[in-house]
Amino acid sequence: MITPLIIANWKMAIDADGVEAFKATWNAKPSIHGIEAVVAPPAPYLPLVQGLSQLSLCAQNVSENEQGAHTGEVAASMLTDFGCQYVLVGHSERRQNQGETNAIVAQKAKRTQAAGLIPVVCVGEPSHIRSEGHATSYVRDQVLSSCEDLAEDLVIAYEPVWAIGSGEAASAQVASEMHLDIKAVLADRYPELRVLYGGSVKPDNCAAFTMATGIDGLLVGGASLSAESFWNICASAKGAE
Ligand code: PEP
């Protein structure tokens, strides 16, 4: 049985007061056993969320370079200093807005693993690719190119671009089919691969995903900003175990 992995991606949508409010609410909640809950704060707030009960830490991004003259970048080794265990790489917002290609994503994932951290490689098709009927081949290509030469310790997050922040989640069936395809494509190299679903997950739709075949957890954006709502999602994933 794979332990469900539930990651909160706060993006750049929270401030320091918001982090403190999250902590106060989260720490007052009962513990949830049988899942792994993870939070990905903006990088400067990593020290603020250290020691949050029952939450592992994830970075939202990492440099593809090891160290040196790269102003504004954060090296994977620095993230280990702040107790991170995971790093999001290739989130669709970075692929779109920062021009991150599959090759750059693969390099970032490699740096992440070299520092002893686990990359969460994000993939997903834009809406026009799905309406043209090419979603599966598009995601297969992203997965193969973004995971080139990676060791086994990695997680994939399938996040259809059209579902992120839109309020229009994929159906659990669409997500499940894609997850199973991703696992099949990588089965030889990563037999134990965990694949998360992300895209407009909320407390009222999350159980459909966590109960679906091939879905090993969730990557949650907007609904993770409130500790109450993120706790409810985590509790529901526990119920679906
Ligand atoms: C995300 O940013 O990874 C995400 C899934 O966002 P949302 O849950 O808001 O769609």
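## How to read the model

Because this is a predicted model, local features need pLDDT of at least 70 and side-chain atom pairs count only at pLDDT 80 or more, while totals for chains, interfaces and linings use all residues. Residues are numbered from 1 along each chain as its sequence is written, and side-chain values use heavy atoms, with hydrogens and water left out.

## Around the ligand

Let's start with the ligand.

The side chain of Lys11 places an N or O atom 2.5 Å from a ligand oxygen. For His91, a polar side-chain atom is 2.9 Å from an oxygen of the ligand. Gly221 takes part through its backbone, with a polar atom 2.8 Å from a ligand oxygen. The ligand taken alone exposes 290 Å², and the protein buries 97% of that; accessible areas come from the Shrake-Rupley method with a 1.4 Å probe, and for residues only the protein chains shown count as cover.

## The largest pocket

The largest pocket has a volume of about 540 Å³. A pocket is an open set of points, on a 1 Å grid over the protein atoms alone, with protein on both sides within 12 Å along at least five of seven lines; lining residues have an atom within 4 Å of a point. Grid points are joined across faces, edges and corners, and the volume is the space filled by probe spheres set on the points.

In total, 23 residues line this pocket, and Lys11, Pro42, Gln60, Asn61 and Arg94 are the closest to its centre. The lining divides into 12 nonpolar, seven polar and four charged residues.

## Two loop residues with positive phi

Gln54 has a positive phi, near 60°, though it is not a glycine. You will find Gln54 in the loop between α2 (46-49) and β3 (56-59); helices (H or I, at least four residues) and strands (E, at least two) are DSSP runs, numbered from the N terminus. Its relative accessibility is 40%, so Gln54 counts as partly exposed; buried means under 20%, exposed over 50%, and partly exposed in between (1.4 Å probe, protein chains only).

Ser200 is also no glycine, and its phi is positive at about 60°. Ser200 sits in the loop between β7 (194-198) and α9 (206-210), and is buried because its relative accessible area is 9%.

Helix α10 spans residues 227-239 and includes Ala237, which is buried at 0% relative accessible area. Ala237 and Met211 are 26 residues apart in sequence, with their C-alpha atoms 8.0 Å apart. Ser229 belongs to helix α10 too and is buried, at 13%. A polar atom of the Ser229 side chain lies 2.4 Å from the backbone oxygen of Ala223.

Finally, Leu5 is in strand β1 (residues 5-9) and is buried, with 0% relative accessibility. Between the C-alpha atoms of Leu5 and Arg194 there are 8.5 Å, although the two are 189 residues apart along the chain.

Notes
Polar contact = N/O pair within 3.5 Å; in protein donor to acceptor, adjacent residues only side chain to side chain. 1 Å grid on protein atoms, 1.4 Å probe; cavity = no way out; pocket = protein on both sides within 12 Å on 5 of 7 lines; lining within 4 Å. Nonpolar A, V, L, I, M, F, W, Y, C, P; charged D, E, K, R; others polar.
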